[in-house]
Amino acid sequence: MKKINAHIVMGFFLFLFGLNVNAQSIAKLEPKSIAPYPLEITYFKTTNIIFPSAIVGVDRGSKDVLAQKAKGAANILQLKAARDSFPETNLTVITADGKLNSFVINYTLKPSVLNVSMKERDNKNSIFLSPGSVNEVEVTTYATHALYSKYKGHKVKRSKYGIRFGLNGIFIRDNLMYLRLTITNTSNISYDIDQLRFFIRDQKKAKRTASQEIEITPVHIQNKITKIDGQSSQTLVVAVPKFTIPDKKYFAIQLFEANGGRHIELSVKNRTIIKAAVLPTLQINRKYTYQ
């Protein structure tokens, strides 16, 4: 009888131990929530959010929130209300360091805070600037090298209305990417360029969801052109801050015709971007360089 009781007691303890192990395993599998940061914005003033890394994605929960990257800064997002007294909404920002930043947005006439830093306390006053104030001579030198380089890489091209638009080279040097673009006009009507814009955007946009895209502002354009005559071709190089693309997004390059309808968009996937060719170290004439 004593032996039987001993076995029962031992089995009971093993059962309790198993429950404890399973409980710990389940606890480890439980998802961790990310608490949103409360933020107030207004119609009459701009709110600035400083992130520790470059912004690669922005999702507005409502069109009542206007959002844009600060000019010349890849890590500063500027917010403003599109109208007064809008209902509570949210904002999600993804940065290049892989972090997801969540905000709950409310309207107020007079926000108590207009500048918010998401950086660590030790680095609160430092700002991660995109190469908007880089050495112009250095950028021009590398852009020229990319323009005449024999490297082709994976080509992305599209033809429409007698216009061929193609990306035939992606190069990287330090914190800048150099995109080589060729525009060919096979028609007899000259093509006047109105805009050349660059975006990271969703592959598919679901209905009833806010627009999710971020515009990339060029740092420098080598061989900047405004017109392609009929039966001619032009090549230029655009320098932009380096980037890669999150899942389910693509890099869009848009070419718009002035006073016309021959608009073309290139869709570039991340697997093409990560194959960028490294530009060799070049001798720069520092005598005439400036910041």
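Visitor: Which residue stands opposite Ile49?
Guide: Val116 in E8 does; strands here are DSSP runs of at least two residues, numbered from the N terminus. A word on the source: this is a predicted model, where local features need pLDDT of at least 70, side-chain atom pairs count only at pLDDT 80 or more, and totals for chains, interfaces and linings use all residues. Residues are numbered from 1 along each chain as its sequence is written, and side-chain values use heavy atoms, with hydrogens and water left out.

Visitor: How do you know that E2 and E8 pair?
Guide: Pairing takes at least two DSSP bridges between two strands. Three bridges join E2 to E8, and these strands run parallel.

Visitor: Why is the pair of Phe86 and Tyr107 called edge-to-face?
Guide: Rings of Phe, Tyr and Trp (its six-membered ring) pair if their centres lie within 6.5 Å; planes under 30 degrees apart are stacked, over 60 edge-to-face, and the rest tilted. The centres of Phe86 and Tyr107 are 5.8 Å apart and the planes are at 70°, so the pair is edge-to-face.

Visitor: And why is the pair of Phe243 and Phe251 called tilted?
Guide: Their planes are at 55°, with centres 4.8 Å apart, so this pair is tilted.

Visitor: What makes Phe251 buried?
Guide: Buried means under 20% relative accessible area, exposed over 50%, and partly exposed in between (1.4 Å probe, protein chains only). Phe251 has 1%, so it is buried.

Visitor: Why is Tyr43 called partly exposed?
Guide: Because its relative accessible area is 42%.

Technical notes: Helix = DSSP H or I, 4+ residues; strand = E, 2+ residues; numbered from the N terminus.
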